[in-house]
Amino acid sequence: MGILTNLEPKPVFQYFEEICGIPHGSSNTKEISDYLVAFAKKHDLRVIQDDKNNVIIWKEGTAGYEETAPVLLQGHMDMVCEKEEGVEIDFAKEGVRLQLQDGVITAQGTTLGGDDGIAVAYMLAILSSTDIPHPPLEAVFTVDEEIGMLGAAALDASVLKARTMLNIDSEEEGYLLVSCAGGMAVTVHLPVQKEKTEGIPVTLTVNGLQGGHSGVEIDKGRGNANQILGRILYELEKTFSFRICEVSGGLKDNAIPRQAEAKLLFASSDQDRIVEFKAAVKELSQILAKEYRQTDPEVELAVDSGDGVHTIPVMTADTAEKVVAALVCLPGGIQRMSADVEGLVQTSLNLGILKTEEDEVSFSFAVRSSVETEKKELVNRISCLVTALGGTVSCSGEYPAWEYRQNSPLRDRMVEVFEEQYGRKPVVQAIHAGLECGLFAGKLPGLDCVSFGPDMKDIHTPKESMDVESVRRTWDYTLEVLKRLR
């Protein structure tokens, strides 16, 4: 018996639990894509699977809806794979291990994948039903949304006839999303030179940060472990003499990094200085704890000194200086708030991945803006500094902003249904996080689209959770909306 067996609506939670048992991190979607194809064939539904693993499933309208205009249901099948320190899991081969407590679903020490597994579960429950009234359906399951919306960008949309779309990829019940920022992945490549040096290895770690989605939580003031690491290294260099072997932190460019570390080397004659170094790090840790007491109350710095003297590759002094300069001076976080929509972040960036390779240090950013010119200006700012430091910049996965539609029959209908079901008005909102709606709107002229979903918290972190009752209410809401779309 599954963890979610007794929950209602049963088909939704049955499919969600099946999905959770399948590895489906970004860039690892073949197995879940094949699962969707097998589902379609089992239910005698027309299906297409493209070479990127995107899947489209068609279902005819139910009695009375045969001649109704088709509706597009859409969500993505990939998830962000993050885990707590010490948790043993191979995301490439294993699904997540579910937990249920007090009406809240989580995973054991990992991200849950409710973003966007719940959309897949809703869609499969509708497609497999025999008693849910609905128009003809075109269900589109995309891949690699979490790493730049690559599946939606590559999708051949010429086979789609629908111009009304329900995107089930939002995390706050009662919010109807009708516009979002555009964005891209920007990677800085800073060349490094190394030389072998003898000394005592020391590892400096930044950890205990909250992290979160770089579009949804970027306005929460949470610390970025990679940027904090740069700040601490620069401060410590003023007092201590050490060599930098490597720096690293974060796993996804669109997730605010929770942990980062620097591997350092002290001269063998500086054994006594390491004790002083640890004391200085402790003082800096206390400063961070004070600064981030509201947003990241568990932030801390840690030092681990190795045993004995070793000869290992370290960055040359010039290289290390440029790496630290980049960490300290590259922009990060909110760059501008919207002057038109109160409380809306307009332009931001997140240094999500810091990695030391054999011959370079790479810095991977998620850049977002609802104003195209500001997005380009931010890339220019990054390029200006990086070029001066002797590096290069590459951009990929660019996706357009989803512009607000003044006349939206779908939005009006969804507001109407919400008021009837909940007895209050929904919040109709533009958001800073990226959604695939912009790409679909560009491919399908005249597309009328709304994004929504049940309550989820702390997505893209191991604390991710999903509320059972919210899933049920959102299911009822979705079915009523479909019923009214004719």
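Two strands are said to pair if DSSP finds at least two bridges between them. Keep that in mind as we look around this predicted model.

## A pair of strands

Let's start with strand 7 (residues 164–167) and strand 22, which run parallel and are joined by 4 bridges. Within this pair, leucine 166 stands opposite valine 450 of strand 22. Strand 22 covers residues 448–451, with Asp448 and Val450 pointing one way and Cys449 and Ser451 the other way. Are these four residues of strand 22 buried or exposed? Asp448, Val450, Cys449 and Ser451 are all buried.

Leaving aside neighbours within four places in sequence, methionine 414 is in contact with Leu166, Leu176, Val450, Phe452, Tyr477 and Val481.

## A closer look at helix 3

Alanine 119 is found in helix 3. Its relative accessibility is 0%, so alanine 119 counts as buried. Not counting residues up to four places away in sequence, alanine 119 touches Gly75 and Ile168. Alanine 119 and glutamine 14 are 105 residues apart along the chain, and their C-alpha atoms are separated by 13 Å.

Helix 3 also holds aspartate 116. A cis peptide bond joins aspartate 115 to aspartate 116, with omega at about 10°. Another cis peptide bond joins glutamate 8 and proline 9, where omega is about 0°. Proline 9 has its place in the segment before helix 1 (10–20).

| Helix | Residues | Number of residues | Span | Expected span |
|---|---|---|---|---|
| Helix 6 | 271–291 | 21 residues | 31 Å | 30 Å |
| Helix 11 | 468–484 | 17 residues | 25 Å | 24 Å |

In helix 6, the buried residues are Ile274, Phe277, Ala280, Val281, Leu284, Ser285 and Leu288. Why do they sit on the same side of helix 6? They cover an arc of only 155° around the axis, and so they lie on the same side of the helix. These buried residues pack against strand 10 (194–207), helix 5 (225–237), strand 14 (260–266) and strand 15 (300–305). The face turned away from the buried side carries the exposed residues Asp272, Val275, Lys282, Glu283, Gln286 and Lys290.

Helix 11 has buried residues too, including Val468, Trp475, Tyr477, Leu479 and Val481. At the start of helix 11, a side-chain oxygen of aspartate 467 reaches to within 3.2 Å of the backbone nitrogen of glutamate 469.

## Two positive phi angles

Next come two loop residues with positive phi. Serine 27, a residue other than glycine, has phi near 70°. Serine 27 is found in the loop between helix 1 and helix 2 (30–42). Aspartate 144 is not a glycine either, and its phi is positive at about 55°. Aspartate 144 lies in the loop between strand 6 (137–142) and helix 4 (150–154).

Aspartate 144 has a relative accessible area of 12%, so it is buried.

## Serine 179 and its neighbours

Our last stop is serine 179, which has its place in strand 8 (residues 175–180). With a relative accessibility of 13%, serine 179 counts as buried. What does its side chain reach at 2.7 Å? The side chain of serine 179 reaches the backbone oxygen of tryptophan 402 at that distance of 2.7 Å. Not counting residues up to four places away in sequence, serine 179 touches Trp402, Glu403, Tyr404, Gln429, Ala430 and Ile431.

Key: Residues are numbered from 1 along each chain as its sequence is written. This is a predicted model: local features need pLDDT of at least 70, side-chain atom pairs count only at pLDDT 80 or more; totals for chains, interfaces and linings use all residues. Side-chain values use heavy atoms; hydrogens and water are left out. Contact means heavy atoms within 4.5 Å. The expected span of a helix is 1.5 Å times one less than its number of residues. Buried means under 20% relative accessible area, exposed over 50%, partly exposed in between (1.4 Å probe, protein chains only). The arc is that of the directions from the helix axis to the C-beta atoms. A polar contact is a pair of N or O atoms within 3.5 Å; within protein, one must be able to donate a hydrogen and the other to accept it, and residues adjacent in sequence count only if both atoms are side-chain atoms.
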